[in-house]
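I opened the notebook to record what I looked up in this structure, entry by entry.

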Amino acid sequence: MKEGTSLYLDCVRFVAALTVFASHYGTQHFTGGQFYQLQPYGAEAVDVFFVLSGFVIGCVTDGRERSARVYAVNRAARLWSVALPVLLLTLVLDRAGSALRPDLYTAAAIPHYHPDGWLGRYLLSAVFLNQTWHLDITPGTDWPYWSLGYEPWYYVIFGMAIFAPGRVRVAATVIGATLAGPKVLALFPLWLAGFACSRLSRNLRPSPRSGAVLAAASVAGWIAYEARAVHHGRLFGLGPDVFGRLEFAQDYLIGALFAVHLIGICHLSGPIGRRLGRFARPIRWLAGSTFSLYLMHYPVMQFLNAALPWPRESPVSRVLLFGLTLAAVFLFAEVSERRKPAWRRAIAALSGRLLPPNPVAVPVRSGVAAISGRQ
């Protein structure tokens, strides 16, 4: 991935995570609805994350992650370096917050919060089974954790399709998809769109002018949809609301628009790099806290909601809730995702003990050809 594209995507990642945070911060539950206008954009930001995830996997499997072990170790380190500390800290914060204000830690106050059977909920979440099939499990108050019941399965299914030996590749991929279930697979097209963008950006050679047209047209389409939504409402589904949350039509529309935008941006890497290069250090630092910001903000805000003595509508409470949450998230990132290399070494050492010393590696390009129909 070129430097300009990488910096731009780092900016997008952080802004998307900040949007999810702001969409929750602006609710009646936390601030009395101070920024209620931002609430609809949290779901769209998650769509952006799914497309970005597929794009990044397309890039890394075309580069340094060319064996099943390296791919698995890197994916596990990325996920567990944040997910496991998040689960532990959520448990601690929820216990402390419920001791201060038990009325705020009930299903009536937080619809997705279920204090009963917490051990099973945390264990299933730790291995990313919390959204498979008809499960809809939230670990404590960490509502954003639902998406970690989706993305790891995309890694698994894709890894099977790429790295499994030829004779069992199809069967292994089908088994992975079956274990994930239809709810998880419903958003897989967004992830695959990101992967397709990584291949198209490498193989297509449009001019920077064409790239600018694609990037601008996708933004214009996005703005047009938001304007339509203000007057006519949002797209809520392609039929009955089978799974209780997903808004498929909007997910697919936002995912498609962002995928087109990505292709355009990839062919503007030079100009973007020259403009963003001077800010590379702060951009990289902020991007290094994206996963923590996305996954940790909700239980922190819930705890602060219980701990702060002022009413939630108070300006003091609102300012402190915003500032202390960001401070806590950035501090958490220092001991979680910024320590990903240490997690990678530990997981690699463990996998070396559990797996054969020299597993057969399937060339990535042949795997990609197999799933794309090219031989």
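The entries below follow the order in which I looked things up, and they concern a predicted model.

Entry on the core. I looked up the largest nonpolar core and found that it has 74 residues, with Phe50, Tyr145, Tyr154, Trp191, Tyr294 and Leu295 having the most contacts inside it. I then took tyrosine 145 and listed what it touches beyond four places in sequence, which gave Ala83, Val86, Leu87, Ser125, Ala126, Phe128, Asn130, Pro139 and Leu295. Apart from that core lies another, of 8 residues, and I noted Ile272, Leu276, Ala280 and Ile283 among them.

Entry on H3. I checked the length of helix H3, residues 41-60, whose 20 residues reach 29 Å from the first C-alpha to the last, close to the 28 Å expected at 1.5 Å a residue. I also counted burial, and 16 of the 20 residues of H3 are buried, so the helix is largely enclosed by the rest of the structure.

Entry on glutamine 250. I placed glutamine 250 in helix H11, which runs over residues 248-266. Is glutamine 250 buried or exposed? I noted a relative accessible area of 1%, and because buried means under 20%, glutamine 250 counts as buried. Leaving out residues up to four places away in sequence, I found glutamine 250 touching Ala43, Glu44, Asp47, Tyr225, Arg234 and Leu235.

Entry on H4 and H6. I looked up how helix H4 (residues 68-100) packs with helix H6 (residues 151-163), and the angle is about 175 degrees, with the axes 11 Å apart. That angle makes H4 roughly antiparallel to H6. On the H4 side I listed Ala68, Tyr71, Arg75, Arg78 and Leu79, which meet Glu151, Pro152, Tyr155, Phe158, Gly159 and Phe163 in H6. Sorted by class, this contact has 7 nonpolar, 1 polar and 3 charged residues.

Entry on H15. I noted the buried residues of H15 as Ser317, Arg318, Leu321, Thr325, Leu326, Val329, Phe330, Phe332 and Ala333. What covers them includes helix H1 (3-25), helix H2 (28-31), H4, helix H13 (280-287) and helix H14 (290-307). The end C-alpha atoms of H15 (residues 315-334) are 29 Å apart, which agrees with the 28 Å that its 20 residues should span at 1.5 Å a residue.

Entry on tryptophan 143. I found tryptophan 143 in the loop between helix H5 (118-126) and H6, and at 23% relative accessibility it counts as partly exposed. Tryptophan 143 and tyrosine 113 are 30 residues apart in sequence, and their C-alpha atoms are 8.3 Å apart in space.

Key:
Residues are numbered from 1 along each chain as its sequence is written. This is a predicted model: local features need pLDDT of at least 70, side-chain atom pairs count only at pLDDT 80 or more; totals for chains, interfaces and linings use all residues. Side-chain values use heavy atoms; hydrogens and water are left out. A nonpolar core is a set of buried Ala, Val, Leu, Ile, Met, Phe, Trp, Tyr and Cys residues joined through side-chain atoms within 4.5 Å. Buried means under 20% relative accessible area, exposed over 50%, partly exposed in between (1.4 Å probe, protein chains only). Contact means heavy atoms within 4.5 Å. Helices (H or I, at least four residues) and strands (E, at least two) are DSSP runs, numbered from the N terminus. The expected span of a helix is 1.5 Å times one less than its number of residues. Axes are lines fitted to C-alpha atoms, for helices over the stretch in contact, and angles run from 0 to 180 degrees between N-to-C directions. Angles under 35 degrees count as roughly parallel, over 145 as roughly antiparallel, 65 to 115 as roughly perpendicular and the rest as oblique. Ala, Val, Leu, Ile, Met, Phe, Trp, Tyr, Cys and Pro count as nonpolar, Asp, Glu, Lys and Arg as charged, and the others, Gly among them, as polar.
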